[in-house]
Amino acid sequence: MAGHEHVELRESDLRASVPVPRGLHRTLRVLHVSDSHVSCGDGWMSEREAFGLPAADPIHTAYTDGKDPTASSTETTMRQFHEQVTAGVQSGADLIVHTGDLLNIPSEESVAFVHDVLVESGLPFFFISGNHDWCYEGLGGDRRSMRSEAGRQAVRAEWRTKRLAPLFPNGKSSSHWSEEIDGLVFLAVDNSTCMVGHEQHSFYRSTVAKAGREGKSVVLLLHVPLFLPELKVAMAGADGEGYYCGDVEFGGPQAPDEETVAFVETVVGDAGREGPLCAILAGHIHSAQVQPLAPAPGCALQFVTEAGCNDGYRIVDFVPTSPAL
């Protein structure tokens with residue numbers, strides 16, 4: 001994905017309204033941010049040296065080309081993230097949702113910074129990790145291991161425990177979790193390796209089934225957006241084309257396994273007008289996109305938000321369409 005670049009954001013990129021036919025008690029305003037790629041200071045260099053590694057880290061500089069010539073690149077991403085959270089608070093948001101690549105690398109300094117900004121906002125926050133949140137070059141496996149699904153899983157497991165735990169409050173699992181706010185169920189699945197495992201798929205099915213029985217609606221949170229033909233057409237020729245969850249047309253290390261393909265099929269099957277699923281919030285591709293999950297009228301939409309490091313975010317209002325009980 002491209003780093004800091006000039007992006008013309010339309011009103012539809014910044015705001016959305018999602019009708020919620022089941023369960024929601026009131027309009028719920030969500031600040032959706034993704035792909036902030038926050039890096040802080042230079043503490044990560046001494047951290048790497050303490051681990052016996054060279055101070056240089058190519059991933060650190062991948063998304064930190066500052067647009068402000070008077071500020072350092074790390075100051076730029078820190079400022080952008082703080083400003084976006086502040087914008088959410090000022091808009092009257094009830095909740096902050098971040099769908100991954102919050103960090104550029106999981107340095108202790110960066111985790112502490114974003115955690116403090118989120119806590120100081122006074123709003124509850126939901127987080128699901130992206131691939132950068134657990135990719136610390138040279139630690140927990142080198143880039144060769146990252147080319148295999150097993151290698152990516154191992155690196156992710158290590159850094160979830162080593163650094164990301166403070167970003168999963170209330171004992172949430174870093175792999176998958178659900179939480180209800182005012183009758184709306186938020187369901188998160190970490191697909192940041194582009195794959196979804198059997199346990200995650202089973203958790204998704206059981207959570208959606210329970211919501212259906214209880215007359216509630218579900219918002220699915222992912223880092224990597226689901227493969228949709230319309231999304232692939234919209235992103236044709238873009239940097240990173242093909243990195244969608246369940247893209248059966250794409251080979252290489254991100255080619256989906258059977259479980260991941262089955263997960264996408266399950267989600268699309270839940271997207272009809274009468275189903276509990278009302279929206280997906282995702283990121284990863286650094287582009288503001290909105291596509292229906294199925295051709296049926298009134299089906300759920302997948303919202304992909306422009307990268308936070310490109311000044312992107314989206315205010316999403318979830319609006320009940322049935323009378324309050």
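Me: Which residues of helix 9 are buried?
Reply: Bear in mind that this is a predicted model. In helix 9, the buried ones are Thr-260, Phe-263, Val-264, Thr-266 and Val-267.

Me: Why do they end up on the same side of helix 9?
Reply: Their arc around the axis is only 160 degrees, which puts them on the same side of helix 9. In general, an α-helix has 3.6 residues a turn, so residues three or four places apart point the same way.

Me: And what's exposed on the other side of helix 9?
Reply: Glu-258, Glu-265 and Gly-269 are exposed there.

Me: What do the buried residues of helix 9 pack against?
Reply: They pack against strand 6 (184-189), helix 7 (198-213), strand 7 (217-221) and strand 8.

Me: How many residues does helix 9 have, and how far does it reach?
Reply: Helix 9 covers residues 258-269, so twelve residues by the DSSP run. From first C-alpha to last it reaches 16 Å, close to the 16 Å expected at 1.5 Å a residue.

Me: You mentioned helix 7. Which of its residues are buried?
Reply: Gln-200, His-201, Tyr-204, Thr-207, Val-208 and Ala-211 are buried in helix 7. They cover an arc of only 135 degrees around the axis, and that places them on the same side of helix 7. The face turned away from that buried side carries His-198, Glu-199 and Arg-213, which are exposed.

Me: What does the buried side of helix 7 pack against?
Reply: The buried residues of helix 7 pack against strand 5, strand 6, strand 7, helix 9 and strand 8.

Me: What comes just after helix 7?
Reply: Gly-215, with a positive phi of about 70 degrees.

Me: Which residues other than glycine have a positive phi?
Reply: Among them are Asp-182, with phi about 50 degrees, and His-286, with phi near 55 degrees. Asp-182 is in the loop between strand 5 (176-181) and strand 6, while His-286 lies in the loop between strand 8 and strand 9 (289-292).

Me: Is His-286 buried or exposed?
Reply: His-286 counts as buried, because its relative accessibility is 6% and the cut-off for buried is under 20%. Asp-182 has a relative accessible area of 26%, so it is partly exposed.

Me: Changing topic: where is Asp-101?
Reply: Asp-101 is found in the loop between strand 3 (95-98) and helix 4 (108-120). With 2% relative accessibility, Asp-101 counts as buried.

Me: What is Asp-101 in contact with, leaving aside its neighbours within four places in sequence?
Reply: The list is Asp-35, Ser-36, His-37, Gly-130, Asn-131, His-132, Asp-133 and His-223.

Me: What's the lining like by class?
Reply: For the second largest pocket, ten nonpolar, five polar and one charged.

Me: What does Thr-321 touch, not counting residues up to four places away in sequence?
Reply: Thr-321 touches Pro-19, Val-20 and Pro-21. Thr-321 sits in the segment after strand 11 (314-320) and is partly exposed, with a relative accessible area of 48%. The C-alpha atoms of Thr-321 and Leu-24 are separated by 8.6 Å, though the two are 297 residues apart along the chain.

Me: Last one, the whole protein: how many helices and strands are there?
Reply: Nine helices and eleven strands. Of the 325 residues in the protein, 54% are buried. Among contacts with a separation of 6 or more, 75% come from residues 24 or more positions apart.

Technical notes. Residues numbered from 1 in each chain as written. Predicted model: local features only at pLDDT ≥ 70, side-chain atom pairs only at ≥ 80, totals over all residues. Heavy atoms only, no water. Nonpolar A, V, L, I, M, F, W, Y, C, P; charged D, E, K, R; others polar. Helix = DSSP H or I, 4+ residues; strand = E, 2+ residues; numbered from the N terminus. Expected span 1.5 Å × (residues − 1). Buried < 20%, exposed > 50% of the residue type's maximum accessible area, 1.4 Å probe, protein only. Arc of directions from axis to C-beta. Contact = heavy atoms within 4.5 Å.
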